[in-house]
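Visitor: I'd like some practice reading structural features, one at a time. Please give me the general idea first, then the case in hand.

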Amino acid sequence: MVQLNVQKTNIAVALLGFITSIILISEDCPSYYVLLPLIPFVYGGLNLVCGVVWKKAAVASIFGIMFNGMMFLRAVVMPLLLMLGDYETVLRVNIDSNMPKAILLFSYEMICEYLLYEYIYKDIRDEFYDKYSVDVSNEYRYGFMVVFLIAGLIGCLILAPSAVTFYRTIFGITDYEYTGFDSHSVFTQYATSLIAKFGLVTFRYFAGVCRLVFPALILYRMKKRNANRIVAFVVTIILIFVFDLLLVDDTIATSIVNALITLVYYNRLFSSPKQLNRYFVYAALGVASYFELRLSLTASMSHYTNMFTRISNITQAYFLGTRNIAAGFNLYADSIFGAMKYMIYELLRGIPYASTIFGLDNTSVSTLFNSVNNCTGQIVPVISSGNLYFSFLFAPLYPMLFLLISYKNSVKVDVIEKPLSVLGSITICVYTLMGISMYSAEATWAFTITVGLAIKLLSFLFERKSS
């Protein structure tokens, strides 16, 4: 019966892809978008061939739910929005020559990612269940950890009191310029000495970890005291409000992703994997509500007359659709060594204090991307970085690396028992999978290292096995 349900789901999802492809073919479009129906068509075919993504165990995991949701959004919803929005885009440099290549590259990336998922599914799950199923600690020194984290925050504020200006509340969203906040301006204004700069940078690292760890500790304590599941859920919502909505940094997406991580952590402690998709629905509704609010608040200030054009441009920007991939073909390097420098810097910039430790110059693929495309604040898709470093043929290797890291950590969430280690795995899983569709490689490495691995380090230091 389960196998039959999986097959029905595969067919239903595949039909959605094929129907979308037919709709796109039937409508007029600019000549450079003529290949766009290929994306939902390939998506439909992959869901027929790779049945593992809709298996019961897969859709009850963080990775499975996110993977299916993001692929559906990028391959079905976003092409439809492009069509309804009259194919308008803010990235126009060489779009006529780059868009067909971008559509092919995106389709090729999907094929590689689905096949990788199909290949690794069973072997990795079995390997990790054997390796981590007895990874249990019964000595949690959380009191020392809380003192350490709070002392770190206070110490940074003593060195740089202006660090508090990194954060705003969500209530400022009624301001049209709210999303234009840039943390670099804080550094420019207040990093007037080496000590002040150290305080500002270190505060960001501590705050990024504390925003996830403190809510997780509260939920863990409630679990230890056998708190009611409904009460715990109400407390989770309050914690999300305090740590994610009253503390918003320069990217609202960080608050949204942190809220999702906290919800998943609550599910790990108080609910069952079968209910996991419910919390992703909550997060999706939160994202939809945010976009609806932004659209309604800024409608009179937009130069777009078509509502779908605005929605399409927002989703393309946040989830890195074909327009950003097309813009990625404008990237260039003087030589293979120049390309490798961009790649190495992309990784190094994710390491704390990298500029000071490694003496990095201003080389940045994100800066190059915005320069060659005559824009500001646009994100370089990971697949575009892969194309620059490894060529079109091997470009999917880069997002596939993040997919593999995400999947392994998703499995760890199911089998390890140390609370902080679980939180670290959830964080790494979510951010690396988001990296495929929402973040640049540089941002993905930064979140993975400074937040995910930092939480893992806290687990190593304060969750020790008793002898």
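Guide: Let's begin with two tyrosines: Y33 and Y87 are both buried. Buried is under 20% relative accessible area, exposed is over 50%, and partly exposed is in between, with a 1.4 Å probe and protein chains only. Keep in mind that this is a predicted model, where local features need pLDDT of at least 70 and side-chain atom pairs need pLDDT 80 or more, while totals for chains, interfaces and linings use all residues. Residues are numbered from 1 along each chain as its sequence is written, and side-chain values use heavy atoms, without hydrogens or water.

Visitor: How many aromatic pairs are there?

Guide: Rings of Phe, Tyr and Trp (its six-membered ring) pair if their centres lie within 6.5 Å; under 30 degrees between planes is stacked, over 60 edge-to-face, the rest tilted. The count here comes to 29 aromatic pairs. Take Y33 and Y87: their ring centres are 4.8 Å apart and the planes meet at 40°, so this pair is tilted. It links distant parts of the chain, 54 residues apart: Y33 sits in the loop between α1 and α2 (38-49), and Y87 in the loop between α3 (62-84) and α4 (95-132). There's also an aromatic cluster, made up of F63, F67, Y114, Y117 and Y407.

Visitor: Which charged ends sit over rings?

Guide: The test is NZ of Lys or CZ of Arg within 6 Å of the ring centre and within 35 degrees of the ring normal. R204 has its charged end over the ring of F166, 4.8 Å from the centre. K223 does likewise with the ring of F270, at 5.6 Å from the centre.

Visitor: Let's step back to the whole chain. How many helices and strands are there?

Guide: You'll find 19 helices and 2 strands; these are DSSP runs (H or I, at least four residues, for helices; E, at least two, for strands), numbered from the N terminus. Of the 467 residues in the chain, 54% are buried. As for contacts (heavy atoms within 4.5 Å), take those with a separation of 6 or more: 79% of them join residues 24 or more positions apart.

Visitor: Which residues touch the most other members of the largest nonpolar core?

Guide: A nonpolar core is a set of buried Ala, Val, Leu, Ile, Met, Phe, Trp, Tyr and Cys residues joined through side-chain atoms within 4.5 Å. The largest one has 125 residues, and I62 and V213 touch the most other members. Helix α7 (residues 194-224) supplies the largest share of this core, 14 residues. Leaving out neighbours within four places in sequence, I62 contacts V264, L276, F280, S410, V413, I426, C429 and V430.

Visitor: C429 is on that list. Is C429 buried or exposed?

Guide: C429 has a relative accessible area of 0%, so it is buried. C112 counts as buried too, at 16%. As for disulfides (a pair of cysteine sulfur atoms within 2.5 Å), the count is 0.

Visitor: What does the side chain of N370 reach?

Guide: Here we need polar contacts: N or O pairs within 3.5 Å, where, within protein, one atom must be able to donate a hydrogen and the other to accept it, and residues adjacent in sequence count only if both atoms are side-chain atoms. N370, in helix α15 (residues 365-372), has a side chain that reaches the backbone oxygen of S366 at 2.9 Å and the backbone nitrogen of Q378 at 2.9 Å. With 13% relative accessibility, N370 is buried. Setting aside neighbours within four places in sequence, N370 contacts C375, T376, G377 and Q378.

Visitor: Where does S21 lie, and what does S21 touch?

Guide: S21 belongs to helix α1 (residues 2-26) and is buried at 5% relative accessible area. A polar atom of the S21 side chain lies 2.9 Å from the backbone oxygen of P37. Not counting residues up to four places away in sequence, S21 touches P37, P40 and F41.
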